[in-house]
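User: Please walk me through this model, starting wherever you like.

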Amino acid sequence: MAIVDLLMPKMGESIMEATILKWNKKAGDRILQDESLLDIATDKVDSEVPSTTAGILKEILFAENDVVPVGAVIARIETDVHAELPSDNSNGPESRTDETPSTTIVHTPVYNFDNQSSQTSTANRSRNDAGSTANGNENRFYSPLVLNIASNEGINLSELEKIPGTGNEGRVTKKDILTYISKRKDGNGFHAQPADAPAYAYGTEKVSSGSTFLRDEKNRQTESVTTNISGNVEIQEMDRMRRLIAEHMVRSKQTSPHVTSFSEADVTNLVNWREKEKEEFEKREGTKLTLTPLFIEAVVRCIKRYPLINSSLQGDKIIIRKDINIGMATALPSGSLIVPVIKNADNYNRVGLARQVNTLAGNARNNKLKPEDIQEGTFTLTNVGVFGSLMGTPIINQPQVAILAVGAIKKRPVVIETDQGDSIGIRHMMYLSMSYDHRIIDGSLGASFLTAVAKELESFQG
């Protein structure tokens, strides 16, 4: 008889924990390999977790609504079960259902910001266990994604509790809250949050024991609030996603000595070609043609010439990645960013890249990304130009060693050098900036790669 531990899967390089939404099986149930065992949620993705083996679910180690660190054992499955299972055509009283032991939930210790958070977590769980209130909406579970949207839109808890939910057991889904927000509009835009409404705070958040930044930052914020803040101010706690992003960014800066190089490219040919072809391209291929796949094309060609850009560092070992997996930073309706990954981007032609870009971006905006869609990136492209920025100094997405930012495309008068002499013309110009890990990428390599990308874009012929 073999017992297999089922672990909380890694959902992305910046995600350290996930919330259990629902167990689809109970202790004593039979489960098949790859059958959905539970539903989980992070700030970025809601996903099903399949069983890694077939057998009998012997033990569940976390309850619904628990926040579980990545890599923690969440359940145990007994794999040698043939002797204990009735045959498929057995319908008699010897059914295993009568022998199934009651489910035992073991509440494994989790990490909180402070004792108050731990007490709040226990109190909330007790209220949830006791059931909903008379209106059926109070004290129900809200996924981190729903809470994040509510926070950004100024929806306080009492208002959130009034939103009807269409999810499991009346849970408010992303679609529910976005529909509510759209109906909440009036001629002057969204209603403002009441002045006395508290900022959204995740008082029951649990973080991994390694989240030193979060604990230190929490202490600094608390001390600052009590000693330094005065005047007419509003204090808001970071929401869960913002705290995770903050931790990831600080960890990246602490890990990698960042250097940023800049270049500019005349992308007139590229812009004019796209403007000419985009309508016919969409009719022919059934997908829109944006600038992003054209940028990715240029990046992929240059990575093949400078393979060290597509690497990572583990201790004193440089791991050069043979697969070129391009992450593309994508803005979410909530205002946060997520980085879906185009796996083996060098295997796609322009049409394939366009479809990948549009599919992943659409799935990101509609909360349909799968965990594997945001994993295994080897290089990241971010477009700061869509927000009007001319250039930026992006932070490396660990464990990668470089990230490229493209700025807004602007028409400018520039000097054009030709064999017949110099002239001044109106051209579409774009700044590029790349941050790279100076431990293994020297300035000469970083600048050479960036210049190569700029030249690829300038020499675009369609």
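**Surface, rings and backbone**

Analyst: Ile 235 is partly exposed, as its relative accessible area is 45% (buried is under 20%, exposed over 50%, partly exposed in between, with a 1.4 Å probe and protein chains only). Before going on: this is a predicted model, where local features need pLDDT of at least 70, side-chain atom pairs count only at pLDDT 80 or more, and totals for chains, interfaces and linings use all residues. Residues are numbered from 1 along each chain as its sequence is written, and side-chain values use heavy atoms, leaving out hydrogens and water.

User: Where is Ile 235?

Analyst: Ile 235 sits in the loop between helix H5 (212–227) and helix H6 (240–255). Helices (H or I, at least four residues) and strands (E, at least two) are DSSP runs, numbered from the N terminus.

User: Which residues make the nonpolar surface patch?

Analyst: Ile 229, Val 233 and Ile 235 make a patch of about 240 Å². Patch residues have over 30% relative accessible area and no salt bridge; like charges are joined within 9 Å, and nonpolar side chains (Val, Leu, Ile, Met, Phe, Trp, Tyr) within 5 Å. A salt bridge is a side-chain nitrogen of Lys or Arg within 4 Å of a carboxyl oxygen of Asp or Glu, and areas are Shrake-Rupley values with a 1.4 Å probe, where for residues only the protein chains shown count as cover.

User: OK, on to H6. Which of the H6 residues are buried?

Analyst: Arg 240, Met 241, Arg 243, Leu 244, Ile 245, Ala 246, Glu 247, His 248 and Ser 252.

User: Switching to rings: how many aromatic pairs?

Analyst: Three, counting rings of Phe, Tyr and Trp (its six-membered ring) with centres within 6.5 Å; planes under 30 degrees apart are stacked, over 60 edge-to-face, the rest tilted. In one of them, Trp 273 and Phe 460 have ring centres 5.3 Å apart and planes at 65°, so that pair is edge-to-face. It links distant parts of the chain, 187 residues apart: Trp 273 is in helix H7 (residues 268–285), and Phe 460 is in the segment after helix H10 (443–458).

User: Are Trp 273 and Phe 460 buried or exposed?

Analyst: Trp 273 is buried at 18% relative accessible area, and Phe 460 is buried at 9%. Tyr 306 and Phe 449 also pair edge-to-face, at 6.2 Å centre to centre with 90° between the planes. Tyr 306 is partly exposed at 23%, while Phe 449 is buried at 0%. Ring pairs join Tyr 306, Phe 379 and Phe 449 into a cluster.

User: What sits over the ring of Trp 273?

Analyst: The charged end of Arg 350, 4.9 Å from the ring centre. The cut-off is NZ of Lys or CZ of Arg within 6 Å of the centre and within 35 degrees of the ring normal.

User: Now the backbone. Which peptide bond is cis?

Analyst: The one from Gln 398 to Pro 399, with omega near 5°. Pro 399 is in the loop between strand S16 (379–383) and strand S17 (402–406). Most peptide bonds are trans, and most residues other than glycine have a negative phi.

User: What about phi of Asn 65 and Asn 367?

Analyst: Both are positive: near 80° for Asn 65 and near 60° for Asn 367. Asn 65 is partly exposed at 24%, whereas Asn 367 is buried at 15%.
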